[in-house]
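Please have a look at the sequence and coordinates before reading on.

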Amino acid sequence: MKLYPIVAVLALSLFPFLLLFPKVIADLSSDRQALLDFSSALPHLRKFKWNTNSSICTWHGVGCSSDGSRVVALRLPGIGLYGPIPDNTIGRLDALTTLSLHFNGLSGNLPSDITSLPSLRFIFLQRNQFSGEIPSSLSPQLNFIDLSFNSFSGKIPTIENLTHLTGLNLQNNSLAGSIPNVNLPRLTQLNMSNNQLNGSIPPSLAKFPASSFQGNSLLCGQPLTQCPSFAPSPSPFPSVPLSPSPLSLTPSSRSPSVLPSSPAIPEKQKGKKSLSTGVIIGIVAGGVGGILGLAVLIFLCCVKWYYSKRSVQERKDFNGGGSPKQTEDFSSGVQAAEKNKLVFFGGCSFNFDLEDLLRASAEVLGKGSYGTTYKAILEEGTTVVVKRLKEVVVGKREFDQQMEIIVTVAQHRNVVALRAYYFSKDEKLLIYDHVPAGSLSTRMHGNRDLGRTLDWESRLRIAHGAASGIAHVHSAAGGKLIHGNIKSSNVLLTHDNSGCISDVGLTPLMDSPTIPCRSAGYRAPEVIETKKCSQKSDVYSFGVLLLELLTGKAPVQPPGHDEVVDLPRWVQSVVREEWTAEVFDAELIKFQNIEDEMVQMLQIAMACVAKMPETRPDMNQVVQMIEDIQQSDSGNRQSSEDNKSRSLTSPTP
């Protein structure tokens with residue numbers, strides 16, 4: 001009998017939790033059903049399907065809250081969704097904070113129940129085919145809105161109440177009317193270019209660059225051209241005060257005020273004399289400046305000639321061209337007391353020392369952003385790759401620590417293994433395994449007369465291998481490691497045409513104040529501005545690499561070949577008009593049953609090269625999307641050169 005009070009107390013204390021538990025289950029269950037309704041009612045090009053037997057929080061593109069009770073993010077960029085978003089589907093996810101469906105084929109009106117979700121913070125719907133007006137009901141909690149590259153029309157809705165807004169991208173739509181006068185203190189990014197807006201730009205938005213408003217022919221005001229004034233221009237002649245008295249109109253009363261007095265003439269003459277003196281001074285100053293400029297130009301030419309000559313000498317240092325000779329020049333920076341101090345890592349089967357390496361015959365493989373790479377053949381027949389680093393800014397302790405990180409990261413089949421290194425004051429050498437098939441750049445843009453083209457199967461394997469290697473790098477060292485120099489010459493090909501990433505972990509060692517011209521085509525916009533790399537800038541570089549695989553065009557053209565200045569921009573200009581075969585490499589047209597897969601890969605690439613870093617997928621997502629392409633219709637994919645006459649038609653997105 002005495003236990004009854006205790007049981008009653010326990011029941012009362014657990015009662016709120018018993019009430020809350022069914023609510024959590026019900027909320028997650030309703031989120032699950034909303035997503036299933038969205039997936040089943042919306043057509044998509046890819047074989048996209050969620051596994052209903054697994055937890056909703058493990059579904060592709062679905063993010064849950066930390067306690068797993070609600071869906072807070074839906075990220076499905078570039079997976080081939082098309083058609084209108086079904087009503088009463090996503091709008092039922094009332095805990096959603098992030099919606100990212102950019103670069104699909106979504107069309108029709110944007111449901112207002114989505115934009116009005118009270119919890120919504122980020123909405124990325126750029127590069128779809130939405131039309132109609134932008135809903136006026138926008139959640140006041142929104143931080144970033146990107147509706148660019150659609151077909152929205154009508155006026156820009158009132159955004160005065162969006163006090164948390166930091167970014168608003170509405171460019172490349174058909175919006176008309178005037179820009180609302182807003183005062184949003186947190187707004188740091190704005191783009192309304194290429195619409196049909198008119199009127200004057202509100203003063204509160206004049207702080208943004210002209211590129212934010214260009215392409216609106218009827219728009220004026222700072223930072224664009226000044227709006228025309230309708231006030232009458234002042235008369236160039238002296239004005240006559242009007243008087244109600246008729247006497248003011250007589251010739252005698254007008255003449256004194258109209259005719260200039262005689263002392264004014266000498267004053268004008270003095271002004272002309274002063275102006276002539278100023279012109280003379282300007283001419284003299286310009287001449288002196290021109291002479292100084294010419295002297296500086298001559299000096300710079302001399303400096304450039306000196307360094308170009310020095311560069312040529314460097315290429316000869318390590319037996320350039322593969323001529324078998326002793327490498328005294330290469331060993332010039334190696335101190336005698338420090339010889340035989342190659343540092344080998346565990347598991348390496350190499351059996352040579354620095355003396356053997358310096359006696360090896362060598363061939364220059366290339367000169368990249370971080371130094372010159374050589375293929376060295378030792379006397380016993382072992383072949384290794386030696387990278388001679390330049391502009392290393394760290395000391396020996398930091399260098400040794402970074403080498404340990406690189407070795408740990410390189411334990412992956414899609415990352416080139418580092419076997420040994422050498423450090424001295426004047427020389428820093430890295431020794432890698434030799435990958436006989438060479439680089440993707442050589443394979444793609446080398447002499448095609450030799451038949452070294454790549455079929456679609458091979459390009460898929462290369463893309464998947466390179467993506468897997470980069471994803472592994474990004475997950476290493478606590479998820480903070482970046483590559484910083486992703487390009488086709490740093491993707492090596494294994495015997496089965498799988499991509500393998502090289503130059504891993506070298507960025508922290510280098511002093512790179514400028515972007516090398518041979519790498520500029522792969523650089524993300526934010527890296528060009530800040531000179532700082534990130535994992536998202538790696539994603540951008542990989543996106544350019546995918547475009548290179550799809551188009552067959554190099555992002556950086558050699559001198560005299562200006563066919564494509566900026567590869568992502570060129571592809572966007574073609575895609576903006578229509579999905580056409582003009583984008584794809586002519587070498588791929590001969591293969592059958594790959595049109596949809598190429599379009600899907602193009603969507604992945606364009607998602608990677610998005611201008612805003614936060615809208616780009618991470619590399620694990622990219623790997624998953626490429627694997628989905630590999631698994632779809634692989635049996636129908638053609639990997640030979642049969643039926644070359646078959647032309648590539650443009651699929652409807």
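## Ground rules

This is a predicted model, in which local features need pLDDT of at least 70 and side-chain atom pairs count only at pLDDT 80 or more, while totals for chains, interfaces and linings use all residues. Residues are numbered from 1 along each chain as its sequence is written, and side-chain values use heavy atoms, with hydrogens and water left out.

## Helix 8 against helix 13

Helices and strands here are DSSP runs numbered from the N terminus (H or I, at least four residues, for helices; E, at least two, for strands). Helix 8 (residues 456-475) packs with helix 13 (residues 619-631) at an angle of about 155 degrees, and their axes are 9 Å apart. Axes are lines fitted to C-alpha atoms, for helices over the stretch in contact, with angles running from 0 to 180 degrees between N-to-C directions. The two helices are therefore roughly antiparallel, a label for angles over 145 degrees.

Contact means heavy atoms within 4.5 Å. Among the residues making this contact are Leu460, Ala467 and His474 of helix 8, and Met619, Val623 and Gln630 of helix 13. The contact residues divide into 10 nonpolar, five polar and two charged; Ala, Val, Leu, Ile, Met, Phe, Trp, Tyr, Cys and Pro count as nonpolar, Asp, Glu, Lys and Arg as charged, and the others, Gly among them, as polar.

## A loop residue, Ile482

Ile482 sits in the loop between helix 8 and strand 21 (491-493). Its relative accessibility is 19%, so Ile482 counts as buried (buried is under 20% relative accessible area, exposed over 50%, partly exposed in between; 1.4 Å probe, protein chains only). Leaving aside residues up to four places away in sequence, Ile482 touches Val473, His474, Cys533, Ser534, Gln535 and Asp538.

## Salt bridges

The whole structure holds 11 salt bridges, each a side-chain nitrogen of Lys or Arg within 4 Å of a carboxyl oxygen of Asp or Glu. In one of them, Arg459 pairs with Asp585, with the closest N and O atoms 3.0 Å apart. That pair links helix 8 to the loop between helix 11 (567-577) and helix 12 (595-608), 126 residues apart. Arg459 is buried at 2%, and Asp585 is buried at 6%.

Arg70 and Asp94 form another salt bridge, at 2.4 Å between the closest N and O atoms. Arg70 is buried at 14%, whereas Asp94 is partly exposed at 43%.

Conventions
Parallel < 35°, antiparallel > 145°, perpendicular 65-115°, else oblique.
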